[in-house]
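Good morning, and thank you for coming.

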Amino acid sequence: MLKQFFIHAVQKNRLGHAYLFEGMQGVGKRDLALFLAKLVFCQERDTHEEPCLHCDYCRRIDEGNFPDVMEITPDGQTLKVDQMRELKQQLSKTAMEGHMKVCIIHDVDTLTTGAANSLLKFLEEPESSILFLLLT
């Protein structure tokens, strides 16, 4: 059902700039985030409703080797302000291969206060070329 929602949103060019995926560990938040990244970048999307899963972009996203998809995980127990500063620096650059950047932030509930404030500035002033997927 969520996959259909995102397929429709991408087809109609009505994708938001940020989404929060909340749920217990193991329910598939990361899988959904990667599905959405592949949906956005799939080279065969015009012939398929869902990502093809076999084009170069889909395979590289699965392998964690696509430069326009970034995954941020906590450094230790929390996501720190230095990680958000580094992310801000990475996101200030233009997309390398795709038309936008997708940023997946894991365990967003572990943000320190400084990191949360830094991330909030991005979320309040969205750029059309960045999609945030916040997992908690």
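**Pockets and cysteines**

G23, M24, Q25, G26, V27, G28, K29, R30, H106, D107, L135 and T136 line the second largest pocket. A pocket here is an open set of points on a 1 Å grid over the protein atoms alone, where a 1.4 Å probe fits, with protein on both sides within 12 Å along at least five of seven lines; lining residues have an atom within 4 Å of a point.

This is a predicted model, in which local features need pLDDT of at least 70 and side-chain atom pairs count only at pLDDT 80 or more, while totals for chains, interfaces and linings use all residues. Residues are numbered from 1 along each chain as its sequence is written, and side-chain values use heavy atoms, leaving out hydrogens and water.

The second largest pocket has a volume of about 180 Å³, that is, the space filled by probe spheres set on the points, which are joined across faces, edges and corners. Its lining has 3 nonpolar, 6 polar and 3 charged residues; Ala, Val, Leu, Ile, Met, Phe, Trp, Tyr, Cys and Pro count as nonpolar, Asp, Glu, Lys and Arg as charged, and the others, Gly among them, as polar.

The largest pocket has a volume of about 230 Å³. Of its 15 lining residues, N13, L15, V40, H99 and M100 are the closest to its centre.

I turn to the cysteines. The whole structure has 0 disulfides (pairs of cysteine sulfur atoms within 2.5 Å). For C42, the nearest cysteine sulfur is that of C52, 3.6 Å away.
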